[in-house]
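Here is a short tour of a protein model, written for someone who likes to know the cut-offs behind each term. Have the coordinates open as you read.

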Amino acid sequence: MTAERSKNLLEIKDLNVHYETKEGNVRAVQELSLSVDCGEFFGISGESGCGKTTTAMTIMQLLPREGIVDSGSIRFNGRETLEFTEEEILDFRWKRISMIFQGSMNALNPVHKVIDQMKNVILLHEDTTEPEAIERSLDLLEAMGIERSRGDAYPHELSGGMKQRVMIALALTCHPSLIIADEPTTALDVMIQAQILELLKQLRVQTSLSLILITHDLSVIAETCDKAIIMYAGRIMEEAPVDSLFASPAHPYTRKLISSFPSVLGEKEIDFIPGNPPDLINPPSGCPYHPRCDFAIDICKAKIPTLESKNGIRVACFRSDEI
Ligand SMILES: Nc1ncnc2c1ncn2[C@@H]1O[C@H](COP(=O)(O)OP(=O)(O)OP(=O)(O)O)[C@@H](O)[C@H]1O
Ligand code: SF4
Ligand SMILES: [Mg+2]
């Protein structure tokens, strides 16, 4: 599935992010390194609370006040974004990288027509005329499979699937090189999910856009992405091209996650992962997955396994060679 692509549109190295809370610091993202190539569709998956949205919000520099970047580097097109000035951030956000937020389908302003909301985004970020902004917005709606006349609709007059397509159109308005889509198909019914996935696949063929697709639904990753990471407790457990991720998962957590999605395997029996994800204020010692892992041995409780590259994948497990 993966064609030869130019390297490193986005490169994250050793990123550590925490949230300050009254109970203590929540270690939401730890030692995270990844790179996304031009035109690549990159999946991020893992159970709730593993740090997917925090990773996205850090890239967008939209963390809430209590979210602190402790260390790390986020380079976009070779430039260190964590050192950007306010002005540089405003130029970079939406124009270079845009985001479809988790649950954002209902974030359209109810009192403004769709066309006005799209036009305003363009006018805010670009030096262009109102008629040009309207024309571009209508072209985008059309490209998303929405009739131009629907531009005059208010959000409540649109179906859930249409609203999500408007959100994708909004993310595309300023021609970004990378879009981050956080759970873009969650809360949509199966037919609409399929339409949105089809739309993303079309974008992939028709443009050189890169996409970071965040979802807990592995079947969405299997269908859409080139490569994916599986996160657990703020850390990357495994990164692999999707074909090998699903055919031969190297990490015990990836295995469990996949076996809890029968639609990926086509099997009837659904496995489940016993226990709960760890408390990120007081994470377990050693490998964060050890309290739930069928393969845990003594060293797993004492040391954190590093993410090692081998055979075109990266995996953080002391026993991945045996498994
Ligand atoms: N504003 C915040 N203040 C304190 N803790 C937070 C805040 N936002 C997120 N967290 C915590 O940080 C951790 C990572 O959260 P994050 O939202 O990144 O997870 P996620 O993988 O996106 O989960 P989900 O699948 O539920 O969307 C979780 O433990 C979460 O409770
Ligand atoms: S390092 Fe140990 S506990 Fe962690 S996933 Fe591997 S075998 Fe399981
Ligand atoms: Mg999230």
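## A residue to start from

Leaving aside its neighbours within four places in sequence, Ile212 touches Val36, Phe42, Ile44, Ala56, Leu178 and Ile180; contact here is between two residues whose C-beta atoms, placed from the backbone, lie within 7 Å.

Before going on, a word on the ground rules: this is a predicted model, in which local features need pLDDT of at least 70 and side-chain atom pairs count only at pLDDT 80 or more, while totals for chains, interfaces and linings use all residues. Residues are numbered from 1 along each chain as its sequence is written, and chains are lettered from A and ligands numbered from 1 in the order in which they are written.

## The nonpolar core

Ile212 is also one of the residues with the most contacts inside the largest nonpolar core, together with Ala169, Ile180, Leu213 and Ala228; this core has 81 residues. Its largest share, eight residues, comes from helix α5. Domain 1 (10-96 + 176-315) and domain 2 (110-173) both contribute residues, so the core lies between them.

Two terms need their cut-offs. A nonpolar core is a set of buried Ala, Val, Leu, Ile, Met, Phe, Trp, Tyr and Cys residues joined through C-beta atoms within 7 Å. A residue is buried if 20 or more other C-beta atoms lie within 10 Å of its own, exposed if 12 or fewer, and partly exposed in between, with C-beta atoms placed from the backbone.

## Helix α5

Helix α5 spans residues 160-172 and reaches 19 Å from its first C-alpha to its last, close to the 18 Å expected for its 13 residues at 1.5 Å a residue; the expected span is 1.5 Å times one less than the number of residues. Helices (H or I, at least four residues) and strands (E, at least two) are DSSP runs, numbered from the N terminus.

How many of the 13 residues of α5 are buried? Twelve are, among them Gly161, Lys163, Arg165 and Ala169. The cover over the buried residues of α5 includes β6, α3 (114-125), α4 (130-143), β7 and α6 (190-206).

## The eight-stranded sheet

Eight strands make an open sheet of mixed pairing, in the order β6-β7-β8-β3-β9-β10-β12-β11; two strands pair if DSSP finds at least two bridges between them. At the edges are β6 (97-100) and β11 (308-310), each pairing on one side only. From one strand to the next, the twist averages 20°.

Four bridges join β6 to β7 (residues 178-182), and these strands run parallel. Ile100 stands opposite Ala181 in β7. Along β6, Ile97 and Met99 point one way while Ser98 and Ile100 point the other way, and all are buried.

## The four-stranded sheet

A second open sheet has four strands in the order β2-β1-β4-β5, with antiparallel pairing. Its edge strands are β2 (24-36) and β5 (79-80). Eight bridges link β1 (residues 10-21) to β4 (residues 67-76), and Tyr19 has Gly67 in β4 as its bridge partner.

## How the domains meet

The domain bounds come from an automatic or database domain assignment, which gives domain 1 and domain 2. Their centres, taken over C-alpha atoms, are separated by 29 Å. Nine residues from domain 1 and nine residues from domain 2 make the contact. On the side of domain 1 that touches domain 2, the largest share, four residues, comes from α6.

Key
Axes are lines fitted to C-alpha atoms, for helices over the stretch in contact, and angles run from 0 to 180 degrees between N-to-C directions.
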